[in-house]
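Here is a friendly walk through a two-chain protein model for someone meeting it for the first time. Have a look at the sequence and the structure, then read on.

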Amino acid sequence: MFEGKSGVLLVGGLGFFAFAFLSNAVVPMLMYRDLPEQTTAELVAKNSNLMYQFEELSYRYPEQFKQHFGEPTTDQCAEALRLGRQIYVSEGCWHCHSQFVRPVSREEDRWGPVSATWEYQNELQRPVMFGTRRVGPDLCREGGRRSNDWHAAHFYRPKLTSAASPMPEYPWLFDGAPDKPNRRGLALITYVQWLGSWLESYPDYEAYQPLAERLKEK
Amino acid sequence: MIDTQRATTPVADDLLVDRRLVASYFVAALVFMGISLLAGMLMALQLVHWNPLRGIELLSPGRWRMIHTNAIAYGFLANAFLGALHWAVPRLTLRPVLSQSLSWFIFAAWQFVVLATALGIVVGPTLQANVPALQNLRWSLGAQGLEWGETPTWIDPLALAGLLLVAVNFMAPIMQATGPLYVTLWYFLAAFVWTFLTYAMGNFLPQYALAGTSAGAVGGLFIHDLVGLFVTPLGWGLMYYFVPILLRKPMWSHALSLVGFWGLAFFYPLNGIHHFLYTPIPMFLQHGAIISTVAVEMVVLTVIINFFATLRGSGREIVTNLPIRWFYTGMVYYALTCLQCAMQTTLTFQALIHFTDWVVGHAHLVMFGVFSMWLMGIMTYLFPRLWHTPWYSPALCEWHYWLSAGGMLVMATDLILGGVFQGFYWASLAPWEVSVDGSQPFWIVRVFAGLAILGGQICFFYNLYMTWRESRALGARPLEAAAPLGTAAN
């Protein structure tokens, strides 16, 4: 068995692999099977923090927003989130920024509550964006910490906002100037503002008021 | 010293081994090695603020970092392994592979897969943003969000089909062999099954079937199995083949070979979750992964003992026989990186070093310091036998070795140490910029270590090109008349 074809193939090749898969992958799947996976539309629906930021984008960059997303509806916001995540993945953001706060190394003090499983049970965590390296800081509590125009300037040229930053520049997310984010730029800002927006402790929290009403008051 | 005359049995071997195919795989591998090194250099320069190509979409360091890792895994390692397998499997089984035309088809298909991966990662996002017809696609043309599996989703099925063909092509001669198999073939057989299963599991489940924490568990299994069940068994299988041949004696202990293989087969697949310690993945699974990891280190120790005991009495070969020096340097790095792994996988170390350059140092030590070095040794040994021409310059072969081995040692030490600093900066709650500024000295040293490694490979590329030219000039001569084969060692 130990030196023959059938032993190597069936026991080593298939058997041990299957054992590892059952114990290390199927077990967590079964443990979390009752935790429903949310779609992007569901994530947006009850999330007034996020809608606040999305409407702020339409207010701050009216021409750009009109051209690329039209009106700041929940459908458009879901669209922006999906695209934003796609950019986050395809530009490799996740290789230098993690998305989970660990219960060690005083990370709670730096970033906020330790990450929990339910936060990851959604369409935008397919595959999950835990991350692998922190050249820049963790981002799962980033939403609401900084304004949309901070993020715009930062994506355009990171050194404008953080002098020591070795982060690459992303001018292709803009139409030539930091105050003109294009479709991809708007989407990525929306995605970053979404991170952590599901928590009570979203720092820039304000009672949500639809944009039309807010403008009327002004 | 290598007995060069005995190594040349042209007639018998040429029926078994397609030398042009082996050489083509090696050359393709080296092209991707060059691309990967340039991509790594771009990222290294970016981190120290010296990137001269800032703000160019198609040269974005974020995208090229993925080229760096994917080119080394699927471009260099996979190609070089396939070349070496086309040499070793027919000679071990005394049977050719299933079909020569299938072999060449796989060669072409695999280059297509790797190039398409690179194009998808670099050009995909740009195309998708600028071609209106592609804008509304629900899936991305660019990278997939899975570490070491960034191959765009639309290429995954092709890559998987390729892996299946590879398995069929090589398993045909192995399955015809009768009686107990030699150690190398255990590793190869298992690797064909594991690589296929690992690729399918990692690329499809977290994308289409699972979200969140359980997807994280599968992602961890994938990252780890790709190293442990694809690269490691092929690498060790080749060592069990080439080391006894070059030292002209059998392995010291067959029992330890058995322990090594079965220990790896059982414990390695159980390690994956150690990539995501302190995540919301259930703690008892994290503990299980840690215990299995430490068990793997015990197994690794038996393998290392076996190989060094085999070397005993032939220690002089380290000096005189360059391929053997490549192999044993790789093994020393393997022992070091596994020792490092046994420490870093504990929760104590993880608290400090997770997410730091410590892990980056570990990854470089494994992928370049061990497996790339072994494959470079194999190429140093085989190219003269493939082209029936001695190396153009044995001195350049030495430069290749010393710059690679030295550069690697400096890079790994530097990054591992830098990682410890980063960990303490973060735990101190100093502003984030402090950790970035504090990393600069380590990142600058890394640039120069990288340049040394790049320089070593340039020596090799040049040497190889000149050797190839000489082989063309010698081409008309009958094999027996060709000059003695091999490197400085001979």
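## Getting to know the two chains

Of the 218 residues in chain A, 60% count as buried (buried means under 20% relative accessible area, exposed means over 50%, and partly exposed is in between, using a 1.4 Å probe and protein chains only). Before going further, a word on the ground rules: this is a predicted model, where local features need pLDDT of at least 70 and side-chain atom pairs count only at pLDDT 80 or more, while totals for chains, interfaces and linings use all residues. Residues are numbered from 1 along each chain as its sequence is written, chains are lettered from A and ligands numbered from 1 in the order in which they are written, and side-chain values use heavy atoms, with hydrogens and water left out.

### Chain A

What is chain A built from, counting helices and strands? It has 9 helices and 0 strands; these are DSSP runs numbered from the N terminus, with helices being H or I of at least four residues and strands being E of at least two. Follow the sequence and you simply read α-α-α-α-α-α-α-α-α. Along its principal axes, the C-alpha trace of chain A spans about 80 × 40 × 35 Å.

Chain A is also split into domain 1 (1–31) and domain 2 (38–217), with bounds that come from an automatic or database domain assignment. The C-alpha centres of domain 1 of chain A and domain 2 of chain A are 41 Å apart.

### Chain B

Chain B has 17 helices and 0 strands. Its C-alpha atoms fill a box of roughly 70 × 55 × 45 Å along the principal axes. For 490 residues, a compact globule would have a radius of gyration near 23 Å, and chain B agrees with that at 22 Å. That radius is taken over C-alpha atoms, and the globule rule is 2.2 Å times the number of residues to the power 0.38. Buried residues make up 66% of the 490 residues in chain B.

### The chains side by side

The table puts some values for each chain in one place. Contact means heavy atoms within 4.5 Å, and accessible areas come from the Shrake-Rupley method with a 1.4 Å probe, where for residues only the protein chains shown count as cover.

Now for the charges. In chain A, the mean positions of the 24 positive and 27 negative charges are 5 Å apart. In chain B, the mean positions of the 19 positive and 18 negative charges are 9 Å apart. Lys and Arg count as positive and Asp and Glu as negative, with His and the chain ends not counted; the place of a charge is NZ of Lys, CZ of Arg, CG of Asp or CD of Glu.

### Where the chains touch

Let's zoom in on a few residues of chain B.

M201(B) sits in helix α8 (residues 183–209) of chain B. Its relative accessible area is 6%, so M201(B) is buried. Leaving aside neighbours within four places in sequence, M201(B) is in contact with F17(A) and F21(A), and with P206(B), V218(B), L221(B), F222(B) and D225(B). The C-alpha atoms of M201(B) and V218(B) are separated by 7.5 Å, though the two are 17 residues apart along the chain.

S214(B) belongs to helix α9 (residues 212–247) of chain B. Which residues does S214(B) contact, leaving aside its neighbours within four places in sequence? They are P28(A), M29(A) and Y32(A). S214(B) is buried, with a relative accessible area of 4%.

L277(B) lies in the loop between α10 (254–267) and α11 (283–311) of chain B, and counts as buried at 0% relative accessibility. Not counting residues up to four places away in sequence, L277(B) touches several residues, including F100(A), R102(A) and L347(B). L277(B) and L347(B) are 70 residues apart along the chain, with their C-alpha atoms separated by 7.4 Å.

Most residues other than glycine have a negative phi, and most peptide bonds are trans. S105(A) is not a glycine, yet has a positive phi of about 55 degrees. S105(A) lies in the loop between α5 (74–90) and α6 of chain A. L429(B) has a positive phi too, near 65 degrees, and is found in the loop between α16 (394–427) and α17 (432–474) of chain B. At 29% relative accessibility, L429(B) counts as partly exposed.

Finally, the peptide bond from R126(A) to P127(A) is cis, with omega near -15 degrees. P127(A) is in the loop between α6 (107–111) and α7 (148–156) of chain A.
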